[in-house]
Amino acid sequence: MNIEVSTIGWVLAATASFLLGISKAGLKGLSIFNVTLMALAFGAKQSTGLIMPLLLVGDVFAVIYYNRHTQWKYIRKFLPWMLTGILIGVFVGKDLPEKQFKIGMVVVIMISLAILIYWERRKSKSVPTHWAFAGGTGIFAGICTMIGNLAGAFTNLFFLAMRLPKNEFVGTAAWLFLITNLFKLPFHLFVWETISLETLAINLKLVPAILLGLFTGVKLVKLINEKQYRIFILVVTAIGAIAILVR
């Protein structure tokens with residue numbers, strides 16, 4: 001595998017890594033920008049494997065920093081469904097052409113955004129308890145995280161619906177994504193073959209950008225209150241959907 005990266009490509013990748021760090025530190029809606037910029041720099045499918053080690057760096061940091069806020073009951077409810085979705089995504093996405101891959105990513109974002117906005121506009125503050133809610137959002141999250149690292153909108157939907165406070169939202173999501181990204185890693189290595197020594201060398205050069213983003217994100221999360229945090233997730237999801245459409 002020979003990956004040629006232009007100067008613009010490096011700028012896009014470094015920016016994506018910085019935003020990835022901010023996202024992993026708690027500002028979850030930014031994950032769509034990471035995916036978009038990485039896809040612009042390396043191609044939609046290749047970028048899904050290249051970004052994996054960077055995601056794990058961010059996951060480990062987030063787990064260490066927010067571990068005390070983790071709500072394991074929600075992980076136990078959501079994780080089995082998400083792992084099932086990942087397995088479906090492995091086989092659906094393995095031979096999916098690049099064009100269809102991009103279209104699928106856009107459709108997922110738009111549907112997810114509509115669901116998120118609808119949920120926030122509902123007057124009822126009740127928490128859904130039926131297994132189908134966790135099952136449906138979990139399977140879609142799993143498929144989307146495997147074929148495009150785009151689980152964020154569905155996991156955001158689930159945690160917003162559970163009415164988790166800001167820090168519990170971040171801490172619970174941190175463990176969920178660490179577990180699922182570790183689960184995805186062998187498939188990227190041995191089935192899709194999107195991770196190689198060459199992609200790891202690129203990852204090493206991008207680590208400083210993600211570390212800067214992590215520390216920046218921690219500072220920003222502290223400045224945002226609960227209501228602002230929920231609005232922020234919705235707004236950046238909307239902007240990200242527009243961005244991926246015009247890339």
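Predicted model: local features only at pLDDT ≥ 70, side-chain atom pairs only at ≥ 80, totals over all residues.
Reader: Okay, and what share of the residues count as buried?

Author: Of the 247 residues of the protein chain, 55% count as buried; buried means under 20% relative accessible area, exposed means over 50%, and partly exposed lies in between, with a 1.4 Å probe and protein chains only.

Reader: Which residues touch the most other members in the largest nonpolar core?

Author: That core holds 58 residues, and M38, F42, F158 and F159 touch the most other members; a nonpolar core is a set of buried Ala, Val, Leu, Ile, Met, Phe, Trp, Tyr and Cys residues joined through side-chain atoms within 4.5 Å. Helix 2 (residues 31-42) gives the most to this core, with 7 residues. There is also a second, separate core of 7 residues, which includes I86, I143, M146 and W192.

Reader: Back to F158, what is it in contact with beyond its neighbours within four places in sequence?

Author: Once those neighbours are left aside, F158 is in contact with Y74, K77, F78, F133, A134 and T137, contact being heavy atoms within 4.5 Å. F158 also belongs to a cluster, linked by ring pairs, with F78, F133, F159, F169 and Y229.

Reader: How many aromatic pairs does the structure hold?

Author: The structure holds 13 aromatic pairs, and rings of Phe, Tyr and Trp (its six-membered ring) pair if their centres lie within 6.5 Å, with planes under 30 degrees apart counted as stacked, over 60 as edge-to-face and the rest as tilted. One of them joins Y65 and Y66 edge-to-face, at 4.9 Å centre to centre and 75° between the planes. Y65 is partly exposed at 29% relative accessibility, whereas Y66 is buried at 3%.

Reader: And why is the pair of F140 and F154 stacked?

Author: The pair counts as stacked because the ring planes of F140 and F154 lie at 10°, with the centres 5.5 Å apart. The pair links distant parts of the chain, with F140 in helix 7 (residues 131-148) and F154 in helix 8 (residues 152-161), 14 residues apart.

Reader: Switching topic, which residue forms a salt bridge with K24?

Author: That partner is D59, and the closest N and O atoms are 2.6 Å apart; a salt bridge is a side-chain nitrogen of Lys or Arg within 4 Å of a carboxyl oxygen of Asp or Glu, and by this rule the count comes to 1. The pair links D59 in helix 4 (residues 52-66) with K24 in helix 1 (residues 7-24), 35 residues apart.

Reader: Are those two buried or exposed?

Author: D59 counts as buried at 1% relative accessibility, and K24 is buried as well, with a relative accessible area of 8%.

Technical notes. Residues numbered from 1 in each chain as written. Heavy atoms only, no water. Helix = DSSP H or I, 4+ residues; strand = E, 2+ residues; numbered from the N terminus.
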